[in-house]
Amino acid sequence: MALARAERLSFWYPDATAPALDDVSLELEPGELVLCLGASGSGKSTLLRAFAGLVPHFHGGRFAGRVEVGALDTRRARPSQLAGIVASVFQDPEEQVVLNGVEAEVAFGLENVGTAPRVIAARAQEALGSVGAAHLAGRSTSALSGGELQRVCLASALALRPRLLLLDEPTSQLDPDGADEFLGLVDGLDTAVLIAEQRPARVLDRADRVLFLEAGRIVLDAPREEALRWLARHRPAFLGRELLPEDEPERGDIVCRLSAVSYSYGARVAVSRVDLELRRGEVVALVGPNGSGKTTIAKLASGLLEPAEGRVERRGRAAYLSQDPGRYLVRERCDEEVALGVGGDLARARRALARVDLEPYAHRHPRDLSSGERERLALACVLVTEPDLLVLDEPTRGVDPERKEALAELLRADAPRRGTLVVTHDTSFARSVADRTVALGPVRELVYA
Amino acid sequence: MSPGPASALLAALATAALLADHIASVAAIAALLLAVCVRAGRRSRPYLLGILVTSGSVFLLTPLVESVGSHVLWTGPIVPVIGALDVTREEVSYAATQALRLASVSLAFAVYALLLDHDRLVRAARFARRSVLAVALATRLVPTLERDAAGMLEALRGRGVTIAGARGYARLASPLLSGSLERGLNLAEAMEARGYGRGGSTRAPRAPWTAIDRIALAASAAIAVGGWLWL
């Protein structure tokens, strides 16, 4: 018997004319790992929220059809009643942390669902250990990096020992080893897992079944092998194909050089004696595990941080794209937001929006955009300044594989005009876009590939 | 000290500052709380700045709108509606007391926000746990807004935009507020998905109170009563 079931489910968000989910029917079996794919805005997150009961209880809107989880009808059972049977991890870990201490945070859900007090601490410790975060137990959540926070959120979900685990891009901030480790753990659970991913290659190796959503409809629901064939035929970008840079770049003048640069946050050394050179015409990917100092190097290169030791030389204008697109939501309209960096020149702003396929959204409020669209808006905000040095920090978070290909093509096309440094955990994207990869090891030595 | 008795002590000091009549008593309470607050280091700066601005405003404006006392220190013009802008010694003393009271209450909150373990406070709450959690989440607003503002300024610098002047910074208030509302909504959704609000919740066992905790509770009551009767 199915653990969870959606029958002819359609859902419209309040004030929306088009449905976010359109006549969706599917069943989830115990122990099954189901991967949910689709472009940004195709309804993946909404589907996950429907199984958690958050749609319609939390979001309102119009709901048709039926969703059952563990024999509970989500129209009658509130999300809090489903908690424990279902556990969710959402896209942005920073926006789901309730308490200050890591242990208290993991225990929060256990307390809510009425776990016996004497086992709460042990269950919290066990869950932290299972995601490789036991060492974070005594830390404050506000002092953790994005990747560490994501592990804590995953531990909070696993601590509940749910029968259905709903994961919305759970590895978006984890380094490749961390992502592998986590997916290996998820794969070994008895729990049914529904996982939405924009970096699908790793999950595809482990998934039992694959769904593909398009404009709220399921256009594919098939076992892995059949799904791989379908994806190869219809949506090859989702298979993680790599469009390797075609030509050796023509390297021009040096736009940025870091010489023996060190930087510390208080007593914590972030980077130590790093050398890096970036020339006009080349795209360099900076990769490495969580906490290895990638973002610090990116900020040092773009001039947002001054080195404690060593020297940074830059020629021309530098622009930096932060890994949090929420920081690019200052103005009331998308075109005005982009124009902010070019003295209010709306014509240039619209051209930049067109380059990231957001021109139709020029008059929309930036907060009305989805996470993937916000990422593209943020990119337009820095591209419009036409910098000599472009530094992008995790530019593919929440961006679907087809958009990633478009972004790689865009960066490649613009490459001769500037030096580009891309900080990313997305190894497939790094290979697609970069001429050179710089890998940061745990001791911050640079390895050139 | 456990956070429960510690917050009772802070509440008692704030109450005593409000009830005390003598300016020296209120000043002593404010000084004590300030000494504790600065132990938080750099994190205390936005709180101290806010307290300086609000208490300073109260001190400067109160003599202009009050009309008490006969020892005139300064005679100003007559303003329609408000009347004569005279400043007397009694008004200055009253303004100083009011400003110190406000500073004491604000400093007590700052110490609560900066130095207490809110997780333990939420766990220790025997009743009104929802309210305690709501207050704990609300106290995160200041550091979160500070972090958001720093991030937003950094992102603006990263695209070549420099914010200058009070007007420039004031323009960031609206996006910061809408960002915090959006975050609040997302947090509420995550909390509901984690079972918050359903019946039958439990609590992880908490450490028993020590002798110091009991003394602090008794001292809290004594301070509040003392503030009312003698200070």
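Biologist: What should I know before we start?

Modeller: This is a predicted model, where local features need pLDDT of at least 70, side-chain atom pairs count only at pLDDT 80 or more, and totals for chains, interfaces and linings use all residues. Residues are numbered from 1 along each chain as its sequence is written, and chains are lettered from A and ligands numbered from 1 in the order in which they are written.

Biologist: What makes chain A as compact as a globular protein of its length?

Modeller: Start with the rule: the radius of gyration is taken over C-alpha atoms, and the globule rule is 2.2 Å times the number of residues to the power 0.38. Chain A has 15 helices and 19 strands. Its radius of gyration is 22 Å, close to the 22 Å that the rule gives for 449 residues, so chain A is as compact as a globular protein of that length. Its C-alpha atoms fill a box of roughly 65 × 50 × 40 Å along the principal axes.

Biologist: What counts as a helix or a strand?

Modeller: Both are DSSP runs, numbered from the N terminus: helices are H or I with at least four residues, and strands are E with at least two.

Biologist: Why is helix H6 of chain A called largely enclosed?

Modeller: A residue is buried if 20 or more other C-beta atoms, placed from the backbone, lie within 10 Å of its own, exposed if 12 or fewer do, and partly exposed in between. In H6(A), 14 of the 14 residues are buried, so the helix is largely enclosed by the rest of the structure. Across chain A, buried residues make up 54% of the 449 residues.

Biologist: How do you know what span to expect for H6(A)?

Modeller: The expected span is 1.5 Å times one less than the number of residues. H6(A) covers residues 146-159, and its 20 Å from first C-alpha to last is close to the 20 Å expected.

Biologist: Why is A:Asp357 called partly exposed?

Modeller: A:Asp357 has 14 other C-beta atoms within 10 Å, and is therefore partly exposed. A:Ala215 also counts as partly exposed, because there are 15 C-beta neighbours inside 10 Å.

Biologist: What makes the phi of these residues worth a look?

Modeller: Most residues other than glycine have a negative phi. A:Asp357, in the loop between helix H12 (346-355) and H13 of chain A, has a positive phi of about 60 degrees. A:Ala215 has a phi near 50 degrees, and its place is the loop between strand E9 (209-214) and strand E10 (217-223) of chain A.

Biologist: Which peptide bond is cis?

Modeller: The bond from A:Val55 to A:Pro56 is cis, with omega near 15 degrees. A:Pro56 lies in helix H2 (residues 54-57) of chain A.

Biologist: How do you know which strands pair with strand E7 of chain A?

Modeller: Two strands pair if DSSP finds at least two bridges between them. E7(A) has 4 bridges with strand E6 (residues 86-89) of chain A, in the parallel sense, and 5 bridges with strand E8 (residues 192-196) of chain A, also parallel. For example, A:Leu165 in E7(A) is the bridge partner of A:Ala87. E7(A) is also mostly covered, with 5 of its 5 residues buried.

Biologist: Why are strands E2 and E5 of chain A called edges?

Modeller: They belong to an open antiparallel sheet of 4 strands in the order E2-E1-E4-E5 (chain A). Strand E2 (21-28) and strand E5 (72-73) each have a single partner strand, so one side of each is left without a neighbour in the sheet. E5(A) pairs with strand E4 (residues 62-69) of chain A over 2 bridges, and A:Glu68 has A:Asp73 as its bridge partner.

Biologist: What makes up the contact between chains A and B?

Modeller: Two residues are in contact if their C-beta atoms, placed from the backbone, lie within 7 Å. By that test, chain A gives 49 residues and chain B 35 residues. The largest share of chain A's side, 6 residues, comes from H4(A). That side divides into 26 nonpolar, 16 polar and 7 charged residues; here Ala, Val, Leu, Ile, Met, Phe, Trp, Tyr, Cys and Pro count as nonpolar, Asp, Glu, Lys and Arg as charged, and the others, Gly among them, as polar.
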